[in-house]
Amino acid sequence: MSDNPYSTAVLAWYETNARDLPWRRPEASAWSILVSEIMLQQTPVVRVLPAWRAWMERWPTPADLAREPSGEAVRMWNRLGYPRRALRLHACAVAVTEEYGGRVPDDHATLLSLPGIGAYTAAAVASFAFGQRHAILDTNVRRVLARAETGIQYPPKTQTKAETALAESLLPPTPSVAARWGVAVMELGALVCTARAPACADCPIAGQCAWRLAGKPAHEGPPRRGQTYAGTDRQVRGKLLAVLRDSARPVSKDALDVVWDDGVQRERALDALVSDGLVDPLDDGRYALPG
């Protein structure tokens, strides 16, 4: 074990309290873990679980997904939100199939080079699928470390080099233990050290937490506002995509026009979907999912 002052307590807590999630089981494939990590971005586990199960049943390997048009990935994404993630997963599946024989690569730098795979996802897959030693910084981890080490209620809005350096300094030296630490501290943030109502009485490192010991000082930065959805372009985009997902054939413009009364906003949302590659405008004036 390293000099990490929290690892023993956090790892013991995780052994007892970790949720039984299918992508954490020993038999989980690297592909299934990669899919879960993309789906879990900005989306809670309760919504991801049924979508992940349906996805893995239909496309248990990258090659299975790569054989289908990208529009089918968008259709299968259903209402998970941020549907560009579906296109990224499809592009990733194609790259893995064509360049790596259908096997998700275990090299961190190679993972980082795949379409749609950023720093967090590459580190998470390398750690959780292949037991490697990488600093994993999602929202939950950043919040735990901000409170325990820095003594502030919330981390900066944008990830900093100091946060990365801190996370790396806390990594246990043994790769398998470091990988376990990564998922354990993430789970602690998801279940105990939550954003709005941290359960400090249940926290295994409460006695070491700088923020709690300082009296839980209030956040001093810009006000933290939850994301709105009703009435936004995101909502309009979702309604337009729902029409296309529910139709086995291309749809007319009239079928899209009825989903939202504000024509200017509706056209702006449709243009954005086309620009993002989520919708294909056809020569005959109809619209379809890509591919």
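Student: What is the chain made of over residues 39-191, and how far apart are the end C-alpha atoms?

Tutor: In this predicted model, residues 39-191 are 65% helix and 0% strand, with the end C-alpha atoms 19 Å apart.

Student: What makes a group of residues a nonpolar core, and which members of the largest one touch the most others?

Tutor: The residues must be buried and of nonpolar kinds such as Leu, Met and Trp, joined through side-chain atoms within 4.5 Å. The largest such set has 51 residues, and Trp31, Leu34, Met39 and Trp55 touch the most other members. Helices that each supply at least two residues include α2 (30-39), α6 (84-99) and α13 (233-245). Leaving aside neighbours within four places in sequence, Leu34 is in contact with Leu89, Cys92, Val104, Ile117 and Val125.

Student: Why is this core said to lie between domain 1 and domain 2?

Tutor: Domain 1 (1-226) and domain 2 (233-288) both give residues to this core, so the core lies between them. Apart from this core lies another, of 30 residues, among them Tyr14, Leu137, Val185 and Val192.

Student: What makes a space in the structure a cavity, and which residues lie nearest the centre of the largest one?

Tutor: A cavity is a set of points where a 1.4 Å probe fits but cannot get out, and the search finds two of 30 Å³ or more. The largest holds about 120 Å³ of space; 14 residues line this cavity, with Arg147, Cys193, Cys200, Cys203 and Cys209 nearest its centre. Helix α9 gives the most to this lining, with three residues.

Definitions and conventions. Residues numbered from 1 in each chain as written. Predicted model: local features only at pLDDT ≥ 70, side-chain atom pairs only at ≥ 80, totals over all residues. Heavy atoms only, no water. Buried < 20%, exposed > 50% of the residue type's maximum accessible area, 1.4 Å probe, protein only. Helix = DSSP H or I, 4+ residues; strand = E, 2+ residues; numbered from the N terminus. Domains from an automatic or database assignment. Contact = heavy atoms within 4.5 Å. 1 Å grid on protein atoms, 1.4 Å probe; cavity = no way out; pocket = protein on both sides within 12 Å on 5 of 7 lines; lining within 4 Å. Points joined across faces, edges and corners; volume = space filled by probe spheres on them.
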